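I opened this model to look up a few residues and the ligand site. My entries follow in the order in which I made them.

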Amino acid sequence: MARHLALGIDIGGSGIKGAPVDLDTGELAAERLRIPTPGESTPEAVAAVVSQLVDSFDLPEHAPVGVAFPAPMDHGVVRFIANLHQSWKGVDLPELLHDATGREVTAVNDADAAGIGEQRYGAAKGRDGVVLVATLGTGIGSALIVDGVLVPNTELGHLEIDGHDAESRAADSARERESLDFAAWAGRLQRYFETVEMLLSPDLIVVGGGVSKKHKEFLPLLDLRAPIIPAELRNAAGIVGAAALASSRAKHSKHGKKHKK
Ligand code: BGC
């Protein structure tokens, strides 16, 4: 059974999730494990959880490992961090996780990972033009994919809209924190997506994050020019995309191409 496997790990504000991914199908090859994000989410505490996850699966020695992280990644270095401990700023994530796990790790922004997951295996498969994948969770993540090519680190969750950091009003965490019903939250999403649409004119918008499983409650309330559809891989998109990116980078480096730093 020569399955083409890579491990994907998705570091989030509330949980750190991982599973081996079958790269031929984009399906999880074993049940996903989830460990709550440490309350004090420092680099050391999070690296210890990642190492625990890596050890929980019976992985081939050289299986690629991809990690999705909720911050812009400047060639692996965290530029700023909104929803984890502030001491992450300036940390070289692949280096930290290599020290913690003994493995080569590819690090990517979490929304970019979800975007790649949806583009290779999910709702955006085979879609050309400008595709925006937005993840609604603790923050708002964005992936911009143009004719199948990712424009990394777009950070559209931090657009300033009506004087606010957009994710502080329209992320799923804002809905929960303020006990908004779906109609009230949809009003905020409408304002958010119409601003993004004005700036980027996407041909398709894909909405992911855990709340996308309740898409019937809010997507039909939105009135946009582009079709707006739910992610197909739902909350596994980050795991799947990170695994897929780790595998393509491993292949490139085997062929002698430099891919880091
Ligand atoms: C971060 C992004 C991330 C998003 C979703 C934002 O606060 O700045 O990098 O993709 O949250 O986790």
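I began with T42, which is found in the loop between β4 (33-36) and α1 (43-56). Helices here are DSSP runs of H or I with at least four residues, strands are runs of E with at least two, and both are numbered from the N terminus. The model is predicted, so local features need pLDDT of at least 70 and side-chain atom pairs count only at pLDDT 80 or more, while totals for chains, interfaces and linings use all residues. Residues are numbered from 1 along each chain as its sequence is written, and side-chain values use heavy atoms, with hydrogens and water left out.

T42 is buried, with a relative accessible area of 15%. I use buried for under 20% relative accessible area, exposed for over 50% and partly exposed for what lies in between, with a 1.4 Å probe and protein chains only. Not counting residues up to four places away in sequence, T42 touches H85, S87 and W88. Contact means heavy atoms within 4.5 Å. I also took the C-alpha separation of T42 and K216, which is 36 Å for 174 residues along the chain.

Next I went to the loop between β7 (77-78) and α2 (93-101), where L84 is found. Is L84 buried or exposed? L84 is buried, because its relative accessible area is 7%. Leaving out residues up to four places away in sequence, I listed its contacts as I11, G12, G13, T37, S41, F69 and P70.

F80 is partly exposed, with a relative accessible area of 31%. Its contacts, neighbours within four places in sequence set aside, are A71, P72, E155 and H158. From F80 to E118, 38 residues apart along the chain, I noted a C-alpha separation of 25 Å.

Then the ligand. Which residues come nearest to the ligand? Of the 14 residues around the ligand, these are N109, D110, E155, H158 and E167. A residue is near a molecule if one of its heavy atoms lies within 4 Å of it.

I looked up polar contacts, meaning pairs of N or O atoms within 3.5 Å; within protein, one atom must be able to donate a hydrogen and the other to accept it, and residues adjacent in sequence count only if both atoms are side-chain atoms. An N or O atom in the side chain of E155 is 2.5 Å from an oxygen atom of the ligand. For the side chain of H158, the corresponding distance to a ligand oxygen atom is 2.8 Å. A polar side-chain atom of N83 lies 3.3 Å from an oxygen atom of the ligand. The ligand taken alone exposes 310 Å², and the protein buries 94% of that.

E155 sent me to its backbone. E155 is in the loop between β11 and β12, and its phi is near 55°, a positive value in a residue other than glycine. N153 lies in the loop between β11 (149-151) and β12 (160-161). The phi of N153 is positive at about 60°, and N153 is not a glycine.

I checked R175 in helix α5 (residues 172-177). R175 counts as buried because its relative accessible area is 12%. Apart from residues up to four places away in sequence, R175 touches L180, F182, W185, V211 and K214.

My last entry is S248 in helix α7 (residues 237-254). At 18% relative accessibility, S248 counts as buried. What does the side chain of S248 reach? I found the backbone oxygen of A244, at 2.9 Å.

Conventions:
Areas by Shrake-Rupley, 256 points an atom, 1.4 Å probe, with all protein chains shown as cover.
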